[in-house]
Amino acid sequence: MAGISRRDFIRAAGGGVALGSLLFGVSNARAGGGHVVVIGGGFGGATAAKYIRLIDPTVEVTLIEPAKTYVTCPGSNWVIGGLRKIGQITMTYDGLKRHGVKVVHDMVTHVDPDKRSVKLKSGGTLTYDRLVVSPGIDFKWGKGYTEAVSQAIPHAWKAGPQTTLLRKQLEAMPDGGTFIIVPPNNPFRCPPGPAERISMVAHYFKKHKPKAKIIALDPKGKFSKQGLFIEGWKKLYGFGTENSMIDYHQTVEIEEIDPKTRTVVTGVDEFKADVLNFIPDQKAGAIARATGLAGDGDWCPIDGRTFESTLIKGIHVIGDSSIAKPLPKSGFAANSEAKVCAAAVVALLQDRPVPEPSWVNTCYSLVAPDYGISVAMVYEIDHATGKIAKVKGSGGLSPADAPQKVRKNEALYAQSWWMTITADTWG
Amino acid sequence: MNKHKKSVYVAVALSAAYVTAACASPEAGKTALKAQASAHRSVDASGEAIGRTCAGCHALSKKNYKGFVPVIAGMEKDKIVEKMKAFKAGTAKDVTIMDRIAKGYSDAEIEAVAAYYAKMKH
Ligand SMILES: Cc1cc2nc3c(=O)[nH]c(=O)nc-3n(C[C@H](O)[C@H](O)[C@H](O)COP(=O)(O)OP(=O)(O)OC[C@H]3O[C@@H](n4cnc5c(N)ncnc54)[C@H](O)[C@@H]3O)c2cc1C
């Protein structure tokens with residue numbers, strides 16, 4: 001019962017929590033029960049919390065998440081393009097509560113791996129038998145782009161007010177104006193995200209501001225689903241012609257931005273935007289790094305079979321914060337990783353062998369409301385190396401030069417996927 | 001004025017090469033090869049472990065469901081197996097994405113995941 005008073009725990013957990021695991025001491029192996037604390041109620045954390053309860057309802061699960069609602073990044077580009085309202089992509093935690101997850105709206109400020117406890121901003125402390133950490137990403141501020149600057153020049157790479165701000169700026173921009181997007185370096189959350197955003201903005205401009213231009217200044221030499229996006233941009237937005245709405249520059253050396261004039265200074269030239277969307281480079285969420293789960297790096301190494309940290313025992317890291325290559329940093333992957341992690345956590349609590357994992361990822365993108373493309377893959381553990389690997393021969397991109405019917409189906413599937421994954425995660 | 005114009009054309013040229021590479025015959029040949037050599041997992045996963053991943057796209061209940069992806073929960077086992085094998089072999093009609101995904105599983109895994117969904121009420 002290291003360092004926790006019963007009163008603190010009850011206060012932290014909002015009262016009424018069964019204290020079995022805490023009152024009868026903490027042990028790693030047991031016939032049932034145990035207390036799992038989950039940090040973060042996003043795609044990874046919410047799925048893990050729910051599935052641990054589904055797999056073994058005798059395990060107590062406490063999910064710590066500061067926000068009362070969660071705005072999904074998937075679909076946030078659709079809001080930017082005017083296809084959805086922000087309320088339509090906003091989730092609550094009522095579904096998780098129905099599964100018996102104790103949802104505590106607070107922030108974890110400190111993790112003590114030796115005492116197996118977490119400290120909350122409001123003052124309480126919780127102990128855990130196993131801890132699941134899914135805090136998403138943090139940004140690497142710099143090059144003139146700071147957190148303060150992001151209040152005027154949105155990154156919109158965490159959905160919510162940032163998404164709304166970018167949408168409002170695009171609405172207020174005059175026809176003939178220039179929208180500039182600066183995608184981040186690898187690795188970052190949602191590899192096809194910047195190109196989907198460009199597509200959605202192009203769709204909006206085509207309808208409402210046909211003289212407006214989009215300039216992408218990408219430090220990288222290629223981007224996810226590049227061939228498919230460009231095929232779509234050629235069909236829909238005149239890409240590659242004199243009248244192209246989109247100018248995509250690659251291997252651009254970004255020197256700095258001047259927030260006052262919304263100018264991007266590159267190694268070669270200066271670009272002035274009416275609306276600027278700067279997406280900074282990324283690293284694991286602060287609590288993961290502060291706990292030491294990233295070691296000296298930006299991201300957290302894990303054992304793919306369990307998602308247990310290879311640096312700190314008893315702590316599992318899932319979602320964007322983890323190094324789960326070749327799985328991408330996506331909501332779909334975070335959900336899939338969370339299910340493998342949940343099954344492993346339950347097995348470890350019961351001192352049983354960890355089940356053989358299996359993962360899927362599909363990243364859908366809309367090039368237009370009725371034009372969807374995807375990249376999919378099935379993953380397994382390669383038992384020769386113990387690492388996560390693509391199943392050879394599986395997965396891949398939507399076919400090139402496919403008939404419009406295929407693109408339309410994938411657009412319907414993209415929207416269908418959003419409904420199902422959010423119900424699977426928070427429902 | 002804009003010196004980056006050059007890199008746009010590079011980008012277009014690059015992308016054309018990319019598209020060609022993705023659909024021209026060498027790649028198509030590779031795909032055919034892949035189809036034969038697919039899904040040799042070192043260890044099979046359970047129907048449950050695989051089934052949970054399907055739930056990212058396939059809703060587990062028809063109640064209030066307004067999506068377009070078919071609900072497979074409660075479907076006959078043989079029907080699921082037949083469909084998955086057709087996807088895996090590349091003989092299914094009206095394919096969107098399942099041909100790419102079905103290639104990720106051994107025949108035993110397809111049986112197992114079909115049994116898992118067949119037992120489910122929806
Ligand atoms: C524009 C855009 C479009 C995208 N589109 C798609 C898509 O179409 N498909 C797809 O699969 N993925 C998509 N993604 C990616 C997807 O959003 C992420 O990969 C996913 O959210 C990762 O889940 P996570 O659990 O790691 O982090 P998150 O979902 O970010 O959740 C982290 C949570 O942890 C909480 N948290 C952080 N620190 C603490 C703390 N100390 N204490 C308590 N709580 C804490 C945060 O409040 C947050 O709610 C998109 C991303 C973007 C930016």
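The model is predicted.

**Salt bridges**

Over all chains, the structure holds 19 salt bridges. Three of them are tabulated here.

| Pair | N to O distance |
|---|---|
| Asp175(A) and Lys211(A) | 3.9 Å |
| Asp218(A) and Lys220(A) | 2.9 Å |
| Arg100(B) and Glu410(A) | 3.4 Å |

Asp175(A) and Lys211(A) join their side chains in a salt bridge at 3.9 Å, N to O. This pair links distant parts of the chain, 36 residues apart. Asp175(A) sits in the loop between helix H6 (161-172) and strand S11 (178-182) of chain A. Lys211(A) sits in the loop between helix H7 (193-208) and strand S12 (213-217) of chain A. Asp175(A) has a relative accessible area of 32%, so it counts as partly exposed. Lys211(A) has 59%, so it counts as exposed.

Asp218(A) and Lys220(A) are both buried. Their side chains meet in a salt bridge at 2.9 Å, N to O.

Arg100(B) forms a salt bridge with Glu410(A), with the closest N and O atoms 3.4 Å apart. The pair crosses between chains. Arg100(B) belongs to helix H5 (residues 98-102) of chain B, and Glu410(A) to helix H11 (residues 404-426) of chain A. Arg100(B) is buried because its relative accessibility is 6%, under the 20% cut-off. Glu410(A) is also buried, because its value is 0%.

Shared partners matter elsewhere: salt bridges join Asp138(A), Lys158(A) and Arg289(A) into one network.

**Negative patch**

A patch of negative charge lies on the surface. Its residues are Glu253(A), Glu255(A), Glu256(A), Asp258(A) and Glu270(A). Which element gives the most to the negative patch? Strand S14 (residues 254-258) of chain A does, with three residues. Glu255(A) is found in strand S14.

**A polar contact in a loop**

Ser394(A) lies in the loop between strand S25 (387-390) and strand S26 (396-397) of chain A. A polar atom of the Ser394(A) side chain is 2.8 Å from the backbone oxygen of Val391(A). Ser394(A) has a relative accessible area of 7%, so it is buried.

**Chain B**

Chain B has six helices and zero strands. Along the sequence, the pattern of chain B reads α-α-α-α-α-α. Of the 122 residues in chain B, 41% are buried.

Conventions
Residues are numbered from 1 along each chain as its sequence is written. Chains are lettered from A and ligands numbered from 1 in the order in which they are written. This is a predicted model: local features need pLDDT of at least 70, side-chain atom pairs count only at pLDDT 80 or more; totals for chains, interfaces and linings use all residues. Side-chain values use heavy atoms; hydrogens and water are left out. Patches are made of residues with over 30% relative accessible area and no salt bridge: like charges are joined within 9 Å, nonpolar side chains (Val, Leu, Ile, Met, Phe, Trp, Tyr) within 5 Å. Accessible areas come from the Shrake-Rupley method with a 1.4 Å probe; for residues, only the protein chains shown count as cover. A salt bridge is a side-chain nitrogen of Lys or Arg within 4 Å of a carboxyl oxygen of Asp or Glu. Lys and Arg count as positive and Asp and Glu as negative; His and the chain ends are not counted. The place of a charge is taken as NZ of Lys, CZ of Arg, CG of Asp or CD of Glu. Helices (H or I, at least four residues) and strands (E, at least two) are DSSP runs, numbered from the N terminus. Buried means under 20% relative accessible area, exposed over 50%, partly exposed in between (1.4 Å probe, protein chains only). A polar contact is a pair of N or O atoms within 3.5 Å; within protein, one must be able to donate a hydrogen and the other to accept it, and residues adjacent in sequence count only if both atoms are side-chain atoms.
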